[in-house]
Amino acid sequence: ELSSGAPVRILERHQVPLVRVELAVRWPGNQADTEDQLLAGLAGELLGSGTTQRSGAEFQEELDLLGASWGLGVAPSSLWADVEVPTGKLAPALDLVVEALTQPTFDHRDARLEQARWASWREDLWLDIRRIHERALNHAWFPVGHPIRHTASPEDILALDPTEALALVREILETGRAQVVVVGDTTPEEVLPLLEAAYGRFAGTAESAPIPDPPRTSATWLVSRPGFNVAEVSVLTPGPASGAADLVEARALMALLAGTFTSRMSRDLREERGLCYGVSGDVKAWTGTGQLEITLEAQWNRA
């Protein structure tokens with residue numbers, strides 16, 4: 001643990017001269033209102049685009065000089081920061097990550113461009129059968145009033161204030177519970193002092209919130225979208241939540257049924273019957289609930 005109480009997990013791997021550090025700061029975004037969830041998404045796109053000390057281009061140049069790869073983001077369960085560097089370069093890399101997290105600046109022009117792109121994606125959703133299908137799956141599975149049901153409009157996105165997105169980042173860092181995972185060519189004696197200097201300041205206690213398990217009802221949803229010669233069909237059923245004892249078995253089952261072109265359903269519907277190009281399967285496990293999904297695309301008259 002760091003002095004803040006943040007747990008640290010270290011896996012030593014000395015065969016390759018690289019060290020990877022992953023920070024996650026929890027926040028109950030699954031219980032946040034639509035605006036805060038959208039602000040989190042905007043913040044995730046803008047983090048790393050510049051700080052009070054340097055521009056985004058200058059920031060990336062510093063990382064390149066260290067041979068570092070990195071990523072920042074904000075999800076409904078956590079704010080995260082990952083960095084991977086050659087052995088011996090971790091200290092300056094962590095300094096840069098901390099700078100990006102604690103001294104970010106969001107350029108309003110960049111924010112407006114991102115909002116316009118995001119709103120356009122929503123406005124043009126009706127032109128793309130896969131996006132229509134994804135929205136239908138979300139609405140079929142999560143009932144009206146559920147915090148994970150997608151209800152945001154393009155107008156909601158365009159109305160976001162980048163200043164409020166910046167404030168949300170600060171709030172998550174102040175209140176959220178941090179945890180750190182380290183993998184690579186290092187030892188606890190080497191890495192813990194560096195982590196303490198970088199991340200020991202994050203001493204919040206807030207945790208991520210579980211997703212409420214939706215009602216288990218049977219229903220068939222049909223979405224008519226003329227103009228496509230394709231039908232996209234999915235079957236959804238409840239699955240194990242994250243951390244459940246049978247989650248591994250569920251993933252193995254899905255791999256056998258619909259995980260690859262050699263899985264049973266793909267062999268049957270693709271190779272033997274010639275009804276579709278392929279069948280895909282997915283196991284979605286969230287905190288508090290889970291879902292199994294099997295999807296195929298076929299010509300409409302073969303659905």
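This is a predicted model: local features need pLDDT of at least 70, side-chain atom pairs count only at pLDDT 80 or more; totals for chains, interfaces and linings use all residues.
A crossing of two helices is right-handed if the near helix is turned clockwise from the far one by less than a right angle.

Helix α1 spans residues 34-46, and helix α4 covers residues 108-123. Their axes come within 10 Å and cross at roughly 120 degrees. Angles of 65 to 115 degrees count as roughly perpendicular, and roughly antiparallel starts over 145. The two helices are therefore oblique to each other. On the α1 side, L38, G41, L42, E45 and L46 make the contact. On the α4 side, D110, A111, E114, Q115 and W118 meet them.

Now turn to a second pair, α3 and α8. Helix α3 runs over residues 90-102, while helix α8 takes in residues 188-199. These axes also come within 10 Å, and they cross at roughly 20 degrees. The cut-off for roughly parallel is under 35 degrees, so α3 is roughly parallel to α8. Here too the crossing is right-handed. L90, A91, L94, V97 and V98 of α3 form one face of the contact. V191, L194, L195, A198 and Y199 of α8 form the other.

This pair leads into the interior. In soluble globular proteins, nonpolar side chains tend to be buried together. In this model, the largest nonpolar core holds 55 residues. Which of them touch the most other members? They are V21, L23, L79, L101, L195 and Y199. Helix α3 supplies the largest share of this core, with eight residues.

Setting aside neighbours within four places in sequence, L195 is in contact with L2, V8, V21, L94, V180, V182 and G200.

Finally, consider a loop. T51 is found between α1 and α2, the latter spanning residues 56-65. Is T51 buried or exposed? Its relative accessible area is 8%. Buried means under 20%, so T51 is buried. The side chain of T51 makes a polar contact with the side chain of E99, at 2.6 Å. Beyond its neighbours within four places in sequence, T51 is in contact with F59, E99, A100, Q103, P104 and T105.

Notes: Residues are numbered from 1 along each chain as its sequence is written. Side-chain values use heavy atoms; hydrogens and water are left out. A nonpolar core is a set of buried Ala, Val, Leu, Ile, Met, Phe, Trp, Tyr and Cys residues joined through side-chain atoms within 4.5 Å. Buried means under 20% relative accessible area, exposed over 50%, partly exposed in between (1.4 Å probe, protein chains only). Helices (H or I, at least four residues) and strands (E, at least two) are DSSP runs, numbered from the N terminus. Contact means heavy atoms within 4.5 Å. A polar contact is a pair of N or O atoms within 3.5 Å; within protein, one must be able to donate a hydrogen and the other to accept it, and residues adjacent in sequence count only if both atoms are side-chain atoms. Axes are lines fitted to C-alpha atoms, for helices over the stretch in contact, and angles run from 0 to 180 degrees between N-to-C directions.
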